[in-house]
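This report describes how parts of one protein chain are packed.

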Amino acid sequence: MPSETIKLTAKFKLKNPPEGLDDLFSTYREVVNYLITYAFENNITSFYRLKRETYKSLREEYRELPSHYLYTACQMATSIYKSYRKRKRKGKAKGRPVFKKSVIMLDDHLFKLDLEKGIIKLSTPNGRIPLEFYPAKYHERFREWKVGQAWLIKTPEGIFINVVFSKEVEVREPKAFVGVDLNENNVTLSLPNGEFVQIITHEREVRTAYYLKRRRIQRKIRAGRQRKGLLEKYGERERNRLNDLYHKLANKIVELAEKYGGIALEDLTEIRSSIRYSAEMNGRLHRWSFLKLQSIIEYKAKLKGVRVVFVNPAYTSSMCPVCGEKLSPNGCRVLKCPNCGFEADRDVVGSFNISVRALKMWGVTVPPESHPMKTGGWKPTRYEINTLHTING
């Protein structure tokens, strides 16, 4: 049975972090900005070249700093400069890139995690020091996982170490694929047994409510700590609410797909750059975290041995699944084929086309008139995952 690697990040909040960490954050930021400037002036996008040309001088200047901080700083700098170049080509960046965050990238030479003792040993200019963290129940799941790189992060809530864990899991060969069509306010599933399920999420209402709440705060309070605090408060509430929704949604999708062994999703990595609607619609779609939902579905599926594939999203909701012709609107959200007469809800069409493309990717021959899409009027069975709640507090 083939295996795949799952990577998950766990957050560890430090207890009583020593004051010396502030100096470490400051020094690291200084090094990264030097490297970004060097990369910018010499147009360097290669980590190896940047390290080769700067390591010796940095090693002489920062003698007390463990050498692997210079390695990770080179990685951070090249990543930031590459992102800057990409944004500049699109006209979204000006001036020079600058690193302002209190973030330090750690490789496996710079820290050692001990889940049993609740300690992280961190290499610093003053030697390796033990840092206690607050244990969380979900940390227990990572006892048998492999520890990868990490990030030391300073926030107004405290100092955290975010650790990446990895695990090899066995993923079985799929019998069939459940097509998953993600939409702004629902998720529609095409099951291999001919059924269609639509889960109403109310995500759009939740996002819109928090967006309007933040707009009211911005209009009433122009600046200051109160404004910043309120915006952060409601931003965190929105993230927590939607994170809970995504996990419940992913659990249900994986549950329905488990007996078939496969889930098909659209490859939406470049979708934001192609969004060209009204300002209001663009804003709504840019606030929609579909990639996060997809990543949660993917790792939960792999943990259950369910394979996930990504298909080309082009025309999935506008092409007739029976004859391949372009569909025409025939009422609210209903599409009809002018060639063969097929008719169905547009989300049903999308989910079915996604599952068919996954089968074709897998080398399965799909006849042009596959059951159950020969006849018209197909509608999904619906149920809701309730996310509506008051946000006035």
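The model discussed here is predicted.

**Helices α4 and α5**

The angle between α4 and α5 is about 175°, and their axes lie 10 Å apart. This angle is over the cut-off of 145 degrees, and α4 and α5 are therefore roughly antiparallel to each other. On the α4 side the residues that meet α5 include Val206, Tyr210, Arg214 and Ile217. Their counterparts in α5 include Leu231, Tyr234, Glu238 and Leu245.

Arg214 belongs to helix α4, which spans residues 203-220. Is Arg214 buried or exposed? Arg214 is buried, because its relative accessible area of 17% is under 20%. The side chain of Arg214 makes a polar contact of 2.7 Å with the side chain of Glu238. Besides Glu238, Arg214 touches Leu231, Tyr234 and Gly235, with residues up to four places away in sequence left out of the count.

**Helices α5 and α7**

Helix α5 also packs against α7, at an angle of about 45° and with the axes 9 Å apart. That angle makes α5 oblique to α7. The crossing of these two helices is right-handed. Among the α5 residues that meet α7 are Asn243, Tyr246, His247 and Ile253, and among those that α7 contributes are Lys292, Ile296, Ile297 and Ala301.

Lys292 sits in helix α7, residues 290-303. With a relative accessible area of 39%, Lys292 is partly exposed. Which residues does Lys292 touch, not counting those up to four places away in sequence? They are Asn243 and Tyr246. The side chains of Lys292 and Asn243 make a polar contact of 3.4 Å. Along the chain, Lys292 and Asn243 are 49 residues apart, and 9.0 Å separates their C-alpha atoms.

In soluble globular proteins, nonpolar side chains tend to be buried together. The largest nonpolar core in this model has 86 residues, and Leu152 and Ile263 touch the most other members. Helix α5, residues 225-257, gives the most to this core, with 11 residues. A second, separate core has 12 residues, including Leu327, Leu335, Cys337 and Val348.

Leaving out residues up to four places away in sequence, Ile263 touches Ile253, Val254 and Ala257, among others. The contacts of Ile263 also include Phe177, Val178 and Val180, as well as Ile297, Ala301 and Val306 through Val309. Ile253 and Val254 are among the α5 residues that meet α7.

**A loop residue**

Glu64 is found in the loop between α2 (47-61) and α3 (67-89). Its relative accessible area is 58%, so Glu64 is exposed. Beyond its neighbours within four places in sequence, Glu64 is in contact with Arg59 and Pro125. Glu64 and Asn126 are 62 residues apart in sequence, with 7.8 Å between their C-alpha atoms.

The accessibility values of the single residues are set out below.

| Residue | Relative accessible area | Class |
|---|---|---|
| Arg214 | 17% | buried |
| Lys292 | 39% | partly exposed |
| Glu64 | 58% | exposed |

Notes
Residues are numbered from 1 along each chain as its sequence is written. This is a predicted model: local features need pLDDT of at least 70, side-chain atom pairs count only at pLDDT 80 or more; totals for chains, interfaces and linings use all residues. Side-chain values use heavy atoms; hydrogens and water are left out. A nonpolar core is a set of buried Ala, Val, Leu, Ile, Met, Phe, Trp, Tyr and Cys residues joined through side-chain atoms within 4.5 Å. Buried means under 20% relative accessible area, exposed over 50%, partly exposed in between (1.4 Å probe, protein chains only). Helices (H or I, at least four residues) and strands (E, at least two) are DSSP runs, numbered from the N terminus. Contact means heavy atoms within 4.5 Å. A polar contact is a pair of N or O atoms within 3.5 Å; within protein, one must be able to donate a hydrogen and the other to accept it, and residues adjacent in sequence count only if both atoms are side-chain atoms. Axes are lines fitted to C-alpha atoms, for helices over the stretch in contact, and angles run from 0 to 180 degrees between N-to-C directions. Angles under 35 degrees count as roughly parallel, over 145 as roughly antiparallel, 65 to 115 as roughly perpendicular and the rest as oblique. A crossing is left-handed if the near helix is turned anticlockwise from the far one by less than a right angle, and right-handed if clockwise.
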